[in-house]
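These are my notebook entries on one structure.

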Amino acid sequence: MVFKGIVEYASINTTYEQAEGGLESSHTCDLLEPGARRRTLPFDWGLECGASLLPRSLGGLLLPTAGKRVGYQTPPLLGHLRPSRYGGLSPPPLPLMVADALKHQCVGGSLCPGVGVQTAAMANQEINRREEFLKTQQGFRKNAYKIIDEMNGWSNNTAGSTHLVDEILHSILFLGKINKTPFSPNEIFSSDDILQALMEKYPRPFQFYLTQLPRRSPFSCVLDMIVLRENPENEEQIKQSLRELISDLAPQFLVSSIICISQKSNTDQSSKRYYGVSMSTNGPNPGKIVIGASCLNNWDEYVSGAVMTYYPNNNEKKAYFDGTIEVPGNIRCESFSLSRDEQMSPCKSCHNLFGLNTEETKKWAYGNCAEPESLSNLLKNEEEVKNGTTVHDRSAENRQRAEEEVRQDLQAVLRMIHFNTWSGEFYNPESE
Ligand SMILES: [Zn+2]
């Protein structure tokens, strides 16, 4: 569909994320055309007027332009609306009247350059940058739709699996809400009929995605579904099925890159296999939120204790709590890339958390890898492994303090991205 005519309504939302060197601001502009579906255009005026916007928005107030009717004529620098460059979606170019409206609000700071400074070349460069950004963000919508569609199809012929579709729906709707370019359920599902059918079959994810947090990232539900379909002992088929699904998806969004397999013995191939995948979140804040939620309400206590030792700072241990562990040396805990079909050494972070042997010096965010989920499943089910694991700090008091701090840190991340509707609960999928 191509936009035609005049865009009549606009609203601007501002988000701030912790970035290296300070807060990073970004804005999204929601445009509504009469009779058209709502869509979101990202744009970032942080460089031009962040200094004067920042104090106003940190107080929790919406920008004055939010929700305001903005008269919009054909953009003077572009002349006409462009044909689609988004494979079916045709967002209009940046509405300069909106940009002007935004800049007109920036009267409080002398750093704000004011209206009219931007040259046509700069504006075009900015528009191209935003278009590129928007194009990559469409990967979220595309993957969300495909994964849910696939999961729903699998659940129809896999007994005992509908709770996984329920859970992944909730997880994806939540991540869509907090994505850098937010996607509402309406935007994820292109057809109202599909949306209605899903809402009827799985009403709870739609009811709770704004108030309850997912316990794990979406691809963990995909993993569980595939393991259920292929049976846990069929390791190669499981990896192959995941690779086939991933090969059809856009990179980055909602997809894990690593799978980990743990067994209680590294010599007994017949012992039960426990699987895990790396976090399938995009960007530091969604990752921190899901890792925090997994610590508080999903992982085995030893795994969560280890991750909470570092969460969310990542550089050093808490001064009062060292819940890191050393798993028995004779277990199997091996990871494989899902894109390159090769074995991966544990990263340095996983060595610090679980005592896994490695030469690797790279450190991923604590809790981000596939090892925590796989080891958590192993520890929850194999008493022998649990009994053979060394836990550095077993003090219940210190652990409780760490849990409280993790909950506070989690709330702080949610506040920073303006997600203010969490009830404090975690989502429990409907079981059959
Ligand atoms: Zn790791």
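At what angle do helix α4 and helix α8 pack, and how far apart are their axes? I found an angle of about 160 degrees and axes 8 Å apart for α4 (residues 162–178) and α8 (residues 218–230). The axes are lines fitted to C-alpha atoms over the stretch in contact, and angles run from 0 to 180 degrees between N-to-C directions. This makes α4 roughly antiparallel to α8, a term for angles over 145 degrees.

I noted that the model is predicted; local features need pLDDT of at least 70, side-chain atom pairs count only at pLDDT 80 or more, and totals for chains, interfaces and linings use all residues. Residues are numbered from 1 along each chain as its sequence is written. Helices (H or I, at least four residues) and strands (E, at least two) are DSSP runs, numbered from the N terminus.

I then turned to the sheet. Its four strands form an open sheet in the order β6-β5-β8-β9, with antiparallel pairing; two strands pair if DSSP finds at least two bridges between them. β6 (274–277) and β9 (343–344) stand at the edges with a single partner strand each, so one side of each lacks a neighbour in the sheet.

I followed Cys260 across the sheet. Its bridge partner in β6 is Gly276, and in β8 it is Ser335. Ser335 in turn stands opposite Met344 in β9. I recorded four bridges between β5 (residues 258–263) and β6, six between β5 and β8 (residues 332–337), and two between β8 and β9.

Lastly, I looked at the hairpin of β8 and β9, where five residues lie between the strands and Asp341 takes a positive phi near 55 degrees.

Technical notes
Parallel < 35°, antiparallel > 145°, perpendicular 65-115°, else oblique.
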